[in-house]
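Morning, everyone. Please bring up the sequence and the model, and we'll walk through a few packing details.

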Amino acid sequence: MGDVKKEILMKRQLPIVLTATLIIFAAKGLSTPLTAADQTPNVIILYADDMGVADVSYGDKEAKIQTPNIDRLASEGMTFTDGHSSSGICTPSRFAMLTGQHHWRRFHGIVGAFGGTVFEDGEYTIAEMFQGRGYHTACFGKWHLGWDFDAIRKPGVEKKDRVKAESYDWTKPFPGGPLERGFDHYFGDGTINFPPYCWIEGDRFLTIPTMPVMKSKPLAGSGSFRPGPMAGSWNPFDILPTITDKTVEWIAKQEKEQPFFAYLAFNSPHYPIVPNKEFHGKSKAGYYGDFVIETDTQVGKVLAALDEKGLAENTIVIFTADNGPETHAFERLEEFGQWSSGDFRGVKRDIYEGGHRVPFIVRWPGQVEAGSKSDEVVSQVDFAATFATIIDFPLGEDDAIDSYNLLPVLTGEEYESPLRTATVQNTNPKQYALRQGDWVLIDAPTGAVKEPASYLKHFELDPYGKGHPGLLFNLKVDPRQSKNLYDQHPDKVGRMRSLLKRYIGGERCAPPR
């Protein structure tokens with residue numbers, strides 16, 4: 001950790017009694033901090049990749065994809081039916097979740113192959129907050145927030161040669177990753193479809209890339225890999241079970257008296273679709289559904305590890321995802337009659353609901369009512385203020401500026417609903433949506449990137465697009481966003497657009513501390 005970060009954390013730290021375990025699958029927080037007599041919970045965030053709200057079965061025996069372990073979390077915790085990621089794509093949502101500020105204040109796109117970090121020096125992250133409170137912190141799996149490739153690239157390498165293994169010194173430390181953002185430990189492969197294709201532990205390469213990446217075949221489902229160096233032993237089918245097993249091993253080493261924060265970022269069910277053979281045919285939605293079921297099995301492994309260690313009762317578990325399903329959801333709709341976005345319009349990259357409304361479950365025994373549901377609009381940026389309240393961490397005025405404290409909702413305390421004044425959704429530059437109560441304004445001609453004619457016909461949807469200055473929907477009566485009310489409510493459009501412009505112009509979304 002740099003000197004700037006150390007100084008910031010030292011200024012924020014206060015004495016606190018720490019114990020126990022908190023696991024989170026998308027959660028909110030307590031309205032008042034725990035007292036010294038209470039056990040400070042451990043936290044685990046289980047983060048799926050490209051998963052729609054209807055990819056979880058929630059106890060529905062007729063669902064084409066059965067997820068009994070995620071269903072168990074829902075039955076033992078709270079399900080948020082209106083939970084959102086910050087973006088409709090990967091990197092921005094992960095950044096927003098870890099910092100409590102929306103990605104669009106800084107950037108819109110993903111970190112590309114060989115891309116640098118998206119963080120600024122001294123920037124707040126929830127991992128650094130936990131670390132500053134004496135938590136053990138660990139990150140497993142997909143990072144996709146950038147590394148310092150310049151530190152390992154050999155001098156004089158031309159841009160065209162950056163995909164070659166011999167252009168790098170793989171014996172050097174690999175900086176710029178999780179260890180510099182508040183995590184004591186990291187194990188993973190970086191990003192499954194981005195180079196380098198190898199295992200990384202901490203800031204060191206465990207396996208050395210010496211050859212070009214394999215072609216996409218043979219894979220169970222479809223998918224591809226960006227060009228770049230690969231270790232000879234690397235196998236995409238190993239990624240999901242291995243990162244889970246490493247997480248389980250790490251949990252087994254933790255003690256009740258020492259709080260911890262673990263962030264397990266699954267590579268699934270993101271493309272390439274690579275369910276292992278024992279899961280083939282387990283779903284009624286093709287290899288994608290099988291991959292979701294394998295993901296659910298990994299969730300079960302983590303829950304079992306908590307049970308075996310006696311940590312479950314004081315653990316917050318959050319299960320959520322970085323964005324909605326990939327566009328292959330259109331094909332599954334036709335072939336299997338399974339629509340990953342459920343009652344909603346849109347897929348990954350869209351600012352329609354299906355692009356960012358994601359599974360959002362929080363389990364916290366003794367604090368969150370088992371089997372409860374909430375219709376509150378919540379966002380993953382809210383984790384920061386929620387956790388800060390739980391561990392009595394004083395956020396700075398410029399920290400987590402878009403983050404609301406969700407504890408009143410989680411614990412059933414009285415609060416003024418809706419909790420959030422408004423929620424901004426964004427994927428692409430100059431295309432924003434503002435949610436306020438039941439209403440959502442899309443300040444663009446369409447909320448989609450791609451909508452096949454067969455899909456539009458199936459749900460009887462207008463494609464919108466050219467000729468529409470904007471779109472306005474009442475989600476309470478029209479969750480599919482099929483009836484544009486923009487022209488009928490000019491005053492509402494004007495007020496919502498004005499608030500959206502204020503947020504985009506720099507105003508914080510959350511109330512001042």
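Contact here means heavy atoms within 4.5 Å. Helices (H or I, at least four residues) and strands (E, at least two) are DSSP runs, numbered from the N terminus. This is a predicted model, where local features need pLDDT of at least 70, side-chain atom pairs count only at pLDDT 80 or more, and totals for chains, interfaces and linings use all residues. Residues are numbered from 1 along each chain as its sequence is written, and side-chain values use heavy atoms, with hydrogens and water left out.

Start with helix 2. Pro 68, Asn 69, Ile 70, Arg 72 and Leu 73 of helix 2 meet helix 6 at Asp 296, Thr 297, Val 299, Gly 300, Leu 303 and Asp 307.

Ten strands form an open, mixed sheet, in the order 7-6-5-4-10-1-11-12-2-13. Strands pair if DSSP finds at least two bridges between them. Strand 7 (204–205) and strand 13 (372–374) are the edges, each pairing on one side only. Phe 319 stands opposite Ile 361 in strand 12.

Last, His 84. It is found in strand 3 (residues 83–84). Buried or exposed? His 84 counts as buried, because its relative accessibility is 2%, and the cut-off for buried is under 20% relative accessible area (1.4 Å probe, protein chains only). Its contacts beyond four places in sequence include Glu 353, Phe 360 and Arg 435.

Notes:
Buried means under 20% relative accessible area, exposed over 50%, partly exposed in between (1.4 Å probe, protein chains only).
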